[in-house]
Amino acid sequence: MYNHDRELGMHRRITRRDFIDGVAASATGIAAGGLLGGCGSNGGLPNPQTYPPATTGLWGQDNSSYAVMHKVRDDAFWSSAPAVRRTGEHYDAVIVGAGMSGLASAYFYRQQRPNARILIVEIRRDFGGHAGRNEFRIGNRVLLSNAGTQSMESPSEYRPSAQRLVRELGIDVGRFYKYFDQHRYDGLTTGVFFNRAAFGRDYFVAGAYRDPWERVFGGAPLGDRAKHDLIRIHTERVDYLPEMSASEKVAYLSRISYEKFILEHAKCDRGVLPYLSDRPYDLFGTGIEVVSAYDCYNSGDDYGMEYPGFQGMDLGHGTGTWRRAKPEPYIFHFPDGNASIARMLVRSLVPGAIPGSTMEDVVLAPCDYTKLDRPDNQVRIRLRSTVVRVQHRGAPASARDVEIAYVAGNELCSVTANHCILANWHVVSKLVAPELPKKQKHYLAYCVKEPYVYTHVALTNWRSFETLGVNQILAPTSYHYFTMLDYPVDMGGYQSPQTPDDPMILFMLRCPTKYGLPPREQYRAGRWELFNTPFETIERNIRTQLAAMLAGAGFDPAAEIAGITVNRWSHGYAYEYYKTLWEHDPVGERPCDLAKKPFGRISIANSDSSGAAFTDTAIDEGYRAVQEQLRLD
Ligand SMILES: Cc1cc2nc3c(=O)[nH]c(=O)nc-3n(C[C@H](O)[C@H](O)[C@H](O)COP(=O)(O)OP(=O)(O)OC[C@H]3O[C@@H](n4cnc5c(N)ncnc54)[C@H](O)[C@@H]3O)c2cc1C
């Protein structure tokens, strides 16, 4: 048991960016939007020492990316704002947000107006939004991973605009069958870690989903009744709703939580709950108390862990199946996740910024950030710049252009454009577009994004995983509830770790929730928790958890952890209406449909507009927003 910071390795040198970007930034207010530079200068070009994807410590939505918008939210910005400096820059379109939706909007706009001049304005030091990239250098080896958006989910089901964009960028999804080694971890299994705080003692077992459940739960620190019930609901083929037809079961299971299903229908002891409660975190952002039993059955997760209890229930797909099979395997993964798609978009928008031309050579291509915002670019990407106001010049119905004000460094600047696309989040659109009708602002505010933490830990080797016989670990109720070895993808000269002696990136997933609250309240509470947790606390939790989980293999956190990047996505997944007990089958238009209505020369993109947190929906919404604006010309 590791009790001391020194044994955990807390004294090892790791960048603690939240101190610099958090404490200092929030204290200085306006300067926090970009510590250097000003209007038209990319908010200060990145220091080569801090190549954005190589950032370690707290990353994702770090404190500096909030500071200005939080002042706007709190009505504390305009009272002390400096005078707006009008840069005189005029564009055909200004796009707010350089995430997947904003980059795709620029792509579609330029495709239909080849001579258009476009400016994309982005708060963060990097483009891509959730689709960001993590780079680690361990010895002479570079390891890549996805800072957020992990994979293309079922690309054969993408709608035409997203399919076309992917194809035109040169992405042939069929090649992932060759690049993603679906058998690299054959022989390794899913481990389960029961922690002392929740279960009374630390206990690790390998072999879940492979070995008999009697063996998996046999030695676990669970009460006899809970142990018996967990084994039972994983193995028995019982229809717990025998009096209902398949369609009645589906309707009923859609109205009750999975928690209620296993307690009241499968008759489990409450002692099973700590083991199962956080299972939906990955896809739903909440626990089993607010996710419907049918959604649990139907959705599963992307890591191969199913919800027990449905084996004997015919829910329209026959018995014995645990859920409807997905149309494609979960393998459409670049070494940096969907960051490669964002990088390919930037390569197409800003020639020369990222060399190469194929889906393979983008993987190792460096980005020259100094090229993103040059005056002679047809498309400019201005990082470290927070848009604070978007307003028509004149009456919205007849105005010919829009003025966009943003904070860069210590300056408040403005540009004008014929069209403006808000590809930022709905909650931001409500704050920065004062002219929008009150009702529309109400709908924009409805979207409360789900918070997530995607932590990456660079290890000098992964021998402990090999020794324990696992490639992923489920850790119910632990700080990070899921841990796995990074995906084995080799392409474009990038080689993923091969042997256990190679350095490895671990992915650890945290979803901050507050049991029992309605989902939107849980998301707000989780965001508040993240905002108030310093990196040091997260680092200590990571080291303590890894030391405990891997203790059986003699893992030494002080020696074997080479780097940590905590990608904090406080504003993560778009609010998804279909997936909680609170929002079933909304009748008519959903709040997100009403929120995204165009207003004069302003259109609203972003995945929030679709009520679905996916790459393709972010692209589709960009396409729609561009069509709305081009129709005005
Ligand atoms: C952790 C995580 C994992 C995910 N994994 C997947 C996955 O595997 N597959 C999948 O399909 N989808 C995944 N998603 C969903 C993902 O949200 C979408 O795929 C998509 O990338 C969202 O793009 P977006 O442009 O709509 O939003 P974002 O990526 O959030 O981009 C919006 C941008 O606007 C910027 N911005 C906000 N306010 C302002 C302002 N005032 N001024 C300037 N800029 C501003 C933000 O900084 C941000 O960069 C994941 C999401 C998260 C959070």
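**Domains, helix packing and selected residues**

Modeller: In this predicted model, the protein chain is divided into domain 1, comprising 64–131 + 334–446 + 583–630, and domain 2, comprising 222–328.

Colleague: How many of the 13 residues of helix 4 are buried?
Modeller: The buried residues are M100, S101, G102, L103, A104, S105, A106, Y107, F108, Y109 and R110. Helix 4 is thus mostly covered, and the count of buried residues is 11 of 13.

Colleague: Are helix 4 and helix 23 parallel or oblique to each other?
Modeller: Two packed helices are described by the angle between their axes and the distance between the axes. For helix 4 and helix 23 (residues 615–630), the axes are 8 Å apart and the angle is about 40°. Angles under 35 degrees would count as roughly parallel, so the relation of helix 4 to helix 23 is oblique.

Colleague: Which residues of helix 23 make the contact with helix 4, and is the crossing left-handed or right-handed?
Modeller: Helix 4 contributes M100, S101, A104, S105, F108, Y109 and Q112 to the contact. From helix 23 come T615, A618, I619, E621, G622, Y623, V626, Q627 and L630. The crossing of the two helices is right-handed.

Colleague: Are helix 5 and helix 23 parallel or perpendicular to each other?
Modeller: The axes of helix 5 (residues 160–169) and helix 23 come within 8 Å and cross at roughly 105°. The contact is formed by S161, A162, R164 and L165 of helix 5 with D616, I619, D620 and Y623 of helix 23. Since angles of 65 to 115 degrees fall in one class, helix 5 and helix 23 are roughly perpendicular.

Colleague: Which residues does F204 touch, leaving aside those up to four places away in sequence?
Modeller: F204 belongs to strand 7, residues 203–208. Its C-alpha atom is separated by 29 Å from that of G312, 108 residues apart along the chain. With residues up to four places away in sequence not counted, F204 touches G191, V192, F193, L468, V470, I473 and M549.

Colleague: Is A197 buried or exposed?
Modeller: A197 lies in helix 7, residues 196–199. The C-alpha atoms of A197 and P327, 130 residues apart along the chain, are separated by 40 Å. Because A197 has a relative accessible area of 81%, it is exposed.

Colleague: What is the phi of K267, and is this residue buried or exposed?
Modeller: Most residues other than glycine have a negative phi. K267 is not a glycine, yet its phi is positive, at about 55°. The residue sits in the loop between helix 11 (258–265) and helix 12 (273–276). With a relative accessible area of 53%, K267 is exposed.

Colleague: Does R384 count as buried or exposed?
Modeller: R384 is located in the loop between strand 8 (379–382) and strand 9 (385–392). Its phi is near 55°, a positive value in a residue other than glycine. Because its relative accessibility is 10%, R384 counts as buried.

Key:
Residues are numbered from 1 along each chain as its sequence is written. This is a predicted model: local features need pLDDT of at least 70, side-chain atom pairs count only at pLDDT 80 or more; totals for chains, interfaces and linings use all residues. Side-chain values use heavy atoms; hydrogens and water are left out. Domain bounds come from an automatic or database domain assignment. Buried means under 20% relative accessible area, exposed over 50%, partly exposed in between (1.4 Å probe, protein chains only). Helices (H or I, at least four residues) and strands (E, at least two) are DSSP runs, numbered from the N terminus. Axes are lines fitted to C-alpha atoms, for helices over the stretch in contact, and angles run from 0 to 180 degrees between N-to-C directions. Angles under 35 degrees count as roughly parallel, over 145 as roughly antiparallel, 65 to 115 as roughly perpendicular and the rest as oblique. A crossing is left-handed if the near helix is turned anticlockwise from the far one by less than a right angle, and right-handed if clockwise. Contact means heavy atoms within 4.5 Å.
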